[in-house]
Amino acid sequence: MKNSSRDDSPGNIERSPLVIFDFSGTLSLGAVLFAKDKTIRRALKNSGLAGLGLEKPETFWKELVEPTWEEGSTTARGYVEVLTDRLEQYLEPNQNSPGPAVIRQAVSHFVNAYFSYSLIDPRWEPAFKFLSLRRDTDTVIATDHYAEATEHIINELHKIDLKAAPLDQALRQEKFFVVNSADLGCLKSTREFWEILKNFLGTGLYKQILLVDDFGFNEQEDFYGGKTKALKRREKVTAILKAVFQTELRIFSFFLEHSPQNRAGLSRTYLEMIEKADFFLKEHLREL
């Protein structure tokens with residue numbers, strides 16, 4: 001992605017707080033639910049991937065996602081492309097491989113199912129509307145994700161009438177920006193990711209940064225989540241943000257610590273965390 005810098009001339013509003021949200025596992029409960037065993041098994045079956053030998057979620061994670069995650073999350077190739085290529089490699093020793101067209105179709109159906117779950121939970125809308133009314137506040141959704149996610153998240157924000165754009169297309173009227181690792185070519189755990197964001201937003205504009213992030217805690221545990229990994233990721237990202245932005249940083253760790261297995265219970269726990277995060281934002285924004 002080409003670095004750019006926003007116009008900070010005197011006629012523009014001087015920003016004061018910067019709010020940063022994670023996406024999967026934080027803004028999207030559906031992304032968490034999709035990774036649950038029963039749901040992902042159904043998606044594997046309905047997409048046709050199970051019929052190609054991927055009926056077990058653990059096989060899907062180990063053989064398809066893990067080998068392709070770095071490429072998928074740091075290039076423009078996208079979820080469909082990297083999974084299709086990897087599945088062709090996985091099935092190649094099998095003389096009964098159905099061919100590229102069938103494989104791509106199954107992968108596309110699966111990816112569509114995944115994004116149909118990965119929606120911004122509507123219970124975030126009051127918090128987002130509150131932020132949109134603050135003339136001095138910018139809001140960023142920063143995510144490690146596949147290339148398709150950028151447009152998907154933009155569309156989700158447009159559903160609640162928020163002006164939003166990816167960095168390379170953003171103009172001054174937007175106050176919501178989507179920063180995707182696939183677009184930047186680097187992950188959130190790298191300094192480069194945040195340097196690119198800072199170069200776009202401008203230097204010295206923000207008195208405080210508020211970060212709401214699950215640091216992978218709520219996601220598929222064997223692959224990305226788990227508390228130990230999340231705490232290490234939080235420590236690393238915190239250090240980088242402080243070093244890059246040189247301003248006060250406050251963090252709300254969106255950990256679903258005691259998440260029940262049933263969907264209704266998880267939804268209630270998630271709502272409680274949204275309410276706590278909303279309180280966190282309003283409490284600290286009132287101080288400015």
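In what sense do β2 and strand β4 (residues 176–180) pair, and over how many bridges? The pairing is parallel and runs over 5 bridges, with Ala142 sitting opposite Val179 in β4. Strands here are DSSP runs of E with at least two residues, helices are runs of H or I with at least four, and both are numbered from the N terminus; two strands pair if DSSP finds at least two bridges between them. This is a predicted model, where local features need pLDDT of at least 70 and side-chain atom pairs count only at pLDDT 80 or more, while totals for chains, interfaces and linings use all residues. Residues are numbered from 1 along each chain as its sequence is written, and side-chain values use heavy atoms, with hydrogens and water left out.

β2 also pairs with strand β1 (residues 17–21), again in the parallel sense, over 4 bridges; Ile20 stands opposite Val140 in β2. As for cover, 6 of the 6 residues of β2 (residues 138–143) are buried, i.e. under 20% relative accessible area with a 1.4 Å probe, protein chains only. Asp138, Val140 and Ala142 point one way, Thr139, Ile141 and Thr143 the other.

Over in the helices, α2 (residues 37–47) packs on α3 (residues 57–74) at about 75°, axes 9 Å apart, the axes being lines fitted to C-alpha atoms over the stretch in contact and angles running from 0 to 180 degrees between N-to-C directions. So α2 is roughly perpendicular to α3, a label for 65 to 115 degrees. Asp37, Ile40, Arg41 and Leu44 in α2 meet Pro57, Glu58, Phe60 and Trp61 in α3, contact being heavy atoms within 4.5 Å.

Terms used
Buried < 20%, exposed > 50% of the residue type's maximum accessible area, 1.4 Å probe, protein only. Parallel < 35°, antiparallel > 145°, perpendicular 65-115°, else oblique.
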